[in-house]
Amino acid sequence: MFWDDKMTTDLEKVKEVLGPKKQFVHGDTAVCYGALLAGCDFYGGYPITPASEIAEMIASLMPKVGGVNIQMEDEIASMASIIGASWTGAKVMTATSGPGFSLMQENIGFAYMSETPAVVVNVQRSGPSTGQPTLGAEGDMMQARYGSHGDYQSITLSPNTIQETLEFTIKAFNLAEEYRSPVFLMISADLGHMREMITIPDEVDLVYRKTPKVPPEEYVPFGKGKYGKEKVPEFAPFGTGYRTYVTGLTHNEFGFPATDDQQDHDKLIRRQIEKITDDREKLTDIEERMMDDAEIALVSYGIASRSALGALKIARDQGKKVGYFRLKTIWPFPKKKINELSQKVDKIVVPEMNTGHVYHRVKEYADCEVKLVSKIGGEIISPKEILEGV
Amino acid sequence: MADENEVDVIDGKQLQDKYLREEMMPHIFCNGCALGNVLDYVLWAVEKEGLDMDKTVFLSGIGCSSRIPGYINADALHTTHGRALAFATGVKMANPDLNVIVFTGDGDCIGIGGNHFIHALRRNLDITVIAVNNYIYGMTGGQVAPTTPEGHIGTTAPYGNIEPPFDMCEMAKAAGATYVARWPVFRPHQPINSIREGIRNKGLSFIEMMSPCTTAYGRRNRFRKIEDLWAFYEDKTILIEEYDKIDRFGTEEEKEELDDKIKIGVFKRSTRKPLEERYRDLLEEFK
């Protein structure tokens, strides 16, 4: 095995490879730094604007920390390779943009069905199709929720600074390990290519997937979790003698196909969804500013939330009672928080770099007026445009 | 080369008891299907090579042949259609200590998985690929495949296939496999020896098994009985050594007959450093 399989990460070595504690870097670099700090052992990727810098930097850094990097033949294969690697016990990541994210959806579905920990970074650009390859957008938010076929629950994070991009990459790895699930880190090309000062953390709390402690004959690979969450079964990496059969078919708790039983499917899929939705409150992560007396709330996320912050300042200067309510976790959707918010304010304004992905979810759970301020075309939505919505 | 005079230490029943998952039985294969034979040959090879089943991973894509790993008591990844080799690349690159054996079918390997196939060959990871060719999409009911012979009937080629078929072994040779062989299932010894050689070969070994599908292919193509299909295979195939001899020294008449033949045998034995070893060398530079 190339990488350390003892489920520990040599943080000192990683920090030595990353260099100075304070650096002026772009979002794609921050993703790489976060991945290495999280103990990423394996990266499988394919070049695509505006995420190529992640593959390039990983190619340069990964051998220095003893991890594996491979450039696959396409994004379908990238996703496949990281799932294969994850089943050997490795912490894994791939990064892409819209067109590649579309190609990955098939094997993302496989990762959900097989409960494989994996981090997928999407540096979003305008679509559909080839769209505007070099310009930013946040038009894949619903694809991160419903992109693959069938029923599943996504965990999707959306940072808005370069520092947060680094921190959320680590968080994405931890959540992937904790819930045995793919986790999406969604940034836009604007964040991917924007430079800000970052501080590399001294200490990092890391999570490793739970492995079985019972002998192989007592191990139930897709049954109840024994040492952690009940709905998250323990994970026995390939080569450890547990002889797990992993399939994308509907399977029973032993992992064997159970394709013609309604109850087996229902039980499996509902457990896979509930292992995440049961923790909806815990996964909810919201930043609030000036919400105490707010009558209008700007519910934003990602790069649009930077402009929302500008809009907040201008509005407050003008004496308008506007508040800032930023979603850091998009999926599972913080429906309770949104509903509570709608009881407090008269109006919610949702600025988005798409035609209204999160807006519809907000509207679903809000009891007040909800207004969408949408901008597409590769220019970041401006504070002025958001204020027009207010 | 495998030692052909070796005495079997266990019999067929013991082999099954040792390697199969009883809880997965009965299997899904049709009467007359040869996938059971292919599974048997692989298990014999695994037994004779003494592979540690705790350190061996079987992968597959989608299709009848891709169901094989489910019956073997070992770690297995039954993946998406055509992608088994891409998953296998991840497994082997992440943990080169594992033995990796991939089962795939003709549609899985060279149809939907063609791109992954050529790049896996190019990378030459130390894995063994068993491609079961039945000339048809069997699991979905007999649609024409990229390997279906010209003129033959599939449900999506009801008037006969007008496309030229793909030769997976030619592709494997050209794109960089270090061991390439093709055998019909009705000869047990040669395939077992080839799989053994494939397991021993340090690089990508590609073994095509010609395996008849009676249900979805045979009955629509005038092979009403399994014997007819096996006779067709016997009649159609020619050992590569025999083929080369006729090609070089045969009469014009004999040479003409070659056009209609499918070559079988070991097509390639070569040495090339597998990708995981190249990566190991790279890592050494940073130690």
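This is a predicted model: local features need pLDDT of at least 70, side-chain atom pairs count only at pLDDT 80 or more; totals for chains, interfaces and linings use all residues.
Student: Which residue forms a salt bridge with A:Glu178?
Tutor: A:Glu178 sits in helix H7 (residues 162-179) of chain A, and its partner lies 51 residues apart, in the loop between strand E9 (195-199) and strand E10 (245-247). The closest N and O atoms are 3.0 Å apart, and the partner is A:Lys229.

Student: Is A:Lys229 buried, exposed or partly exposed?
Tutor: Buried means under 20% relative accessible area, and exposed means over 50%. A:Lys229 has 25% relative accessibility, so the residue falls in between and counts as partly exposed.

Student: How many residues apart are B:Glu49 and B:Arg200?
Tutor: Their side chains meet in a salt bridge at 2.9 Å, N to O. B:Glu49 is in helix H2 (residues 35-49) of chain B, and B:Arg200 is in helix H7 (residues 189-200) of chain B. The pair links distant parts of the chain, and the separation is 151 residues.

Student: Where does B:Asp260, the salt-bridge partner of B:Lys236, lie?
Tutor: The closest N and O atoms of this pair are 3.2 Å apart. B:Lys236 belongs to helix H8 (residues 226-236) of chain B. B:Asp260 is exposed, with a relative accessible area of 52%. Its place is the loop between H10 and strand E10 (262-269) of chain B.

Student: Which residues do salt bridges with shared partners join into one network?
Tutor: Each bridge pairs a Lys or Arg with an Asp or Glu. Shared partners join the bridges into one network. The members are A:Glu164, A:Glu287, A:Arg289 and A:Arg326.

Student: Why does B:Glu256 count as exposed?
Tutor: B:Glu256 lies in helix H10 (residues 252-258) of chain B. On the surface, B:Glu256 gathers with B:Glu252, B:Glu253, B:Glu254, B:Glu257 and B:Asp259 in a patch of negative charge. Exposed means over 50% relative accessible area. B:Glu256 counts as exposed because its relative accessibility is 61%.

Student: Which backbone oxygen does the side chain of A:Ser342 reach?
Tutor: A:Ser342 is in helix H12 (residues 335-344) of chain A. A:Ser342 is buried, at 5% relative accessible area. Its side chain makes the contact at 2.7 Å, to the backbone oxygen of A:Asn339.

Student: What is the relative accessible area of B:Asp108?
Tutor: B:Asp108 lies in helix H4 (residues 106-112) of chain B. B:Asp108 is buried, and buried means under 20%. The value is 3%.

Notes. Residues are numbered from 1 along each chain as its sequence is written. Chains are lettered from A and ligands numbered from 1 in the order in which they are written. Side-chain values use heavy atoms; hydrogens and water are left out. Patches are made of residues with over 30% relative accessible area and no salt bridge: like charges are joined within 9 Å, nonpolar side chains (Val, Leu, Ile, Met, Phe, Trp, Tyr) within 5 Å. Accessible areas come from the Shrake-Rupley method with a 1.4 Å probe; for residues, only the protein chains shown count as cover. A salt bridge is a side-chain nitrogen of Lys or Arg within 4 Å of a carboxyl oxygen of Asp or Glu. Lys and Arg count as positive and Asp and Glu as negative; His and the chain ends are not counted. The place of a charge is taken as NZ of Lys, CZ of Arg, CG of Asp or CD of Glu. Helices (H or I, at least four residues) and strands (E, at least two) are DSSP runs, numbered from the N terminus. Buried means under 20% relative accessible area, exposed over 50%, partly exposed in between (1.4 Å probe, protein chains only). A polar contact is a pair of N or O atoms within 3.5 Å; within protein, one must be able to donate a hydrogen and the other to accept it, and residues adjacent in sequence count only if both atoms are side-chain atoms.
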